[in-house]
Each structure stands twice: as C-alpha cells, then as structure tokens.
Amino acid sequence: MPRIDGTTRRIANMATTKKAKENKKTAPIPTWKREPGWDKLEKGEEARLEKYCAEYLRFISESKTERLVHDHLLEEARKLGFLDLDQAARAKKPLKPGTGVYRSMDGKTLLLARIGAAPLEEGLNLVGGHADCPRLDLKPCPLYQDEELVLLDTHYYGGIKHYQWLALPLALYGVVIRRDGTKVDVAIGDAPGDPVFCITDILPHLDVDQSKQTMREGVRGEKLNVVFGSRPVSKEQDDKDVPQKAKLNILRMLRETYGIEEEDFASAELEVVPAGQARELGLDRSMLLGYGQDDRVCSYAAARAVLDFQGIPRRTMGALVVDKEEIGSYGRTGMDSTFLPNSVAELVAATEKTYSDLTVRRALEHTRMLSADVGTLADPDYKGANSNGNMGRLNCGLQVNKYDGHGGKGGASDASAEFMAHVRKVFNDNKVLWQICELGKPDVGGGGTIALYMARLGIEVVDCGVGLLCMHAPWEIAGKLDVYMAYKGYSAFLANA
Ligand code: MN
Ligand code: MN
C-alpha cells in the first residue's frame, strides 16, 4: 500500500531486507491518539504561545469589523515595508525575491504576500481566512421611536441564534458616507467612558407566550431592535409640538457630533457587535473568550505568518483575508470574486519581464492553499452532535478538515488523499500539533467555507483552522494551544508546502 512518501517500491524493498523485518517485529505498533498537546510543546514554546495569545487578544478586541481587521493588518504590513502591489506592477521593474507586497479591495479584503525564489508559474503557498463575522447590521432606514425609546432597526448578518443577542452590552462600529461624499468613522461602546447599547428581552414574569415557542420562533429577526436613546429634545431646542421628540434629540446629537443627517444612513455600513474586550477564560487561563474568533483567529494567524517570515521563501507566500464569507462569499470583496485571480495576475506583472495569461493560469493551478476557517469542538453538554472519533477536541491542536458541507458532503470541495498527505507531512516535519476532524454528525447540520471557491480556480486546497465552542455566539471560546498552533501551522505551510 502506498505510504505518505508516495513510494510503494521503497516500502516493499524495506520489507524484504532481513533487518527491516526484525525491526518491524520489535517496533511498537504506531497508533494515533487525540489528546491535549500541552506536554508535547517544545522547550520554550509555552512562553511564545502566551505572548502570541496576548497579542491576538488585543487584536480582536480592537478589530471588531472587517474594515478594522483590514486597516490594522495593512498598517502592520506598511510598517514592515510592504509595497502596494498594483503600483509595483505598473512600475515595470521586476520585484526581487523576499519583497513584501499587499493588495487591497474596498478597505475590506486584503492580500499580504512575500515574493519567493521560484518562478510564479510553479505556484504559490497561500492561507486564506475571512474577517467578516456574524453581527447585526443597521437597516438603511434604521432610526425610529416607539413608546419612549429611540431604536435602531437591524438586519442580522450571517448565521446567528437571535436570542443570544438580547440583554447584552453592544457597541456600534462602521462608516457613514455623508451627502457631500466625506466619510465618518463610527466607534461607540468600547472606549473607556463610552455608552453602550442593548436589545431588550421580556421579563420571566410576563413571558408565558414567548416561553411556549421554539427557540428560533421565540425571538425573531424583526425583534432585534437596538435601544439607542430615550431623552426628548428640550423645550429650548424645539418649541414646536412634534411627536417623537426623543428621536429628534438623537438626530440633533448626530448632527452636532458627527455631522450626520437622517438620509446619511442610506450610505452607511454600521455594525452592532458585542461591547467589551476579549479575555482569558478559565481559572487555569487555558482558553480565550472573544467576539469574532470565527474567523479572525485564523485570518490573524495567516497574516502574522506572512508578516513575521524572515528571508526569502522558496515559493511566493500569501495570506488572503476576505470578506462576506458568512453570507456566502458573494460580492466583490468575497472569495467568489475576481480578487484572487486578479491579484495573481498583478503578481505576475510585478515579477516577470513579460506578462502572460498562461503564467497566471499555471500559477493558480500549481498553488497550494489552506482554507483557514474555524471548526467545531466536542462540547460535553451537546454530545449528541459529535461525530464520534472524528470530532475536534479542545487544545488537541490545529484542525484539518478533509471536507465540510452537509448531508453527504453536499457543497464540499473534499481535498484529495494526496494533498492531505502533503499537508500532514509538512505539519509533522515541523512539529505542528494537529488533529483530523469533521464538523459533526453527517445528518445533524453542516457548513461551508471559502475552500470551494479556491478549488474552482484549480488550487489544491483543504480546510484547516482552530476549533471553537459556541461558534457564532456573541462570545466564542477557543483553546490557547489551538490558537497558537494555527500560527505555527500556517507558518510551516507557507514556508514549506
Ligand atoms: Mn468561518
Ligand atoms: Mn462562520
């Protein structure tokens, strides 16, 4: 049977020598066990793990939207001397191996790359994750008053469980483009002294009707209205007897503070997210609790792996941080767009003497990629969903998912055994603690990632990321060892795949 090194002959030959036969009899039978990896860390590695996790906690606490993730990573890249790829491609001076470049789309989607020694037609090593997360987007006409309260009407983004968003402190982030085209950045709820916002829930004393309904029906998407204010405009500021005086007061404050008028919400992207910092979790501090770990835990690790790389990589390496994964990867900043093939074309233009479309196609077909997205973990309270023997486990290492999809692998790109062997070898050779997983029982649900959109371009790809507990909840849980292993694993893949 062919083994991981791909040669049946070598294994057959080995078995025929007398010594090999002896060794085979006395050697312990190799078994594979899924277990927490703390004792398998290398010397001094735990300190690196703690440092990385502290930096990651700060990053996700400060980067609660896809735009902020983009801006923070781009700032880091520029500080390290990364060049604008589009400009470099027009300069007609081929970039030298080792050069760092970036390419950005709409302030949301980002490619960070380092030029390798090998020609691009031999392919790239890429790790791609997403920076958008489940949240509540404001509707284009969000502001209204009902009873005494001024409320913001929302349309939820991605797969949320509605009830989880009630009675929590919430923050508001995003941009508003004013009538004259100028942009206002909004961030309210996380700075010290900031007010926060909240969605109400019915008190248990009066919830007889609600408690009879299913969890999905008990709180509908239309109910997710954010309390934004309540104080009526003062008599001095408005002597007309208009209704909705509290809404008028909010509009007055928006004009005075931000120069925003009501129609400006039509050209805005405002996102309601949980307020507060990401934290260490557990008395032993072995886990992290934070908003938006799906998928910033992977996209941050991918970006850091490219930013921290020293020297000249063999193949060109890149971290891709995309938008819109949680709503199907559509849109021009999603994975199902021209961003990646166009970026590879720009890389070819920036590194080769003459541009050729064939080189771009060859580069894509020879590219190896990790679709860096989160997986699930065995939850003791929900054992019924576990895929026995194939379930990811907390702090047992970086997860590799050969396929995702639902009910019979529907919608999965399903990596080949050969590519699995390649990835496995890279991880083993570089002492990356990893585990092979699937999402859960085949018939209880499912999910997808950006992998199929990469596979469509001819790229060899497999899903590989950090397992989470309560994925898509306002606060998600990750294990520190897994968080660090994503960084270590992506670094190994980018340098060696
Ligand atoms: Mn995800
Ligand atoms: Mn998700």
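Start with the largest cavity, which has a volume of about 70 Å³. A cavity here is a set of points on a 1 Å grid over the protein atoms alone where a 1.4 Å probe fits but cannot get out, and lining residues have an atom within 4 Å of a point. Points are joined across faces, edges and corners, and the volume is the space filled by probe spheres set on them. This is a predicted model, where local features need pLDDT of at least 70, side-chain atom pairs count only at pLDDT 80 or more, and totals for chains, interfaces and linings use all residues. Residues are numbered from 1 along each chain as its sequence is written, ligands are numbered from 1 in the order in which they are written, and side-chain values use heavy atoms, with hydrogens and water left out.

Select the lining, including Leu138, Val176, Phe228 and Tyr258. By class, that lining has eleven nonpolar, no polar and no charged residues (Tyr counts as nonpolar, along with Ala, Val, Leu, Ile, Met, Phe, Trp, Cys and Pro; Asp, Glu, Lys and Arg are charged, and the others, Gly among them, polar).

Next, the second largest cavity, about 40 Å³. Pick Lys402, Asp404 and Asp463, among others in its lining; the class tally there is five nonpolar, two polar and four charged.

Now go to ligand 1, a manganese ion: its protein donors (N, O and S atoms within 2.8 Å of the metal, or 3.2 Å for Na, K and Ca) come from His130, Asp294 and Asp373, 2.1 to 2.5 Å away. Show ligand 2 as well: the two manganese ions are 3.3 Å apart, and Asp294 coordinates both.

Definitions and conventions
On a 1 Å grid over the protein atoms alone, a cavity is a set of points where a 1.4 Å probe fits but cannot get out, and a pocket is an open set with protein on both sides within 12 Å along at least five of seven lines; lining residues have an atom within 4 Å of a point.
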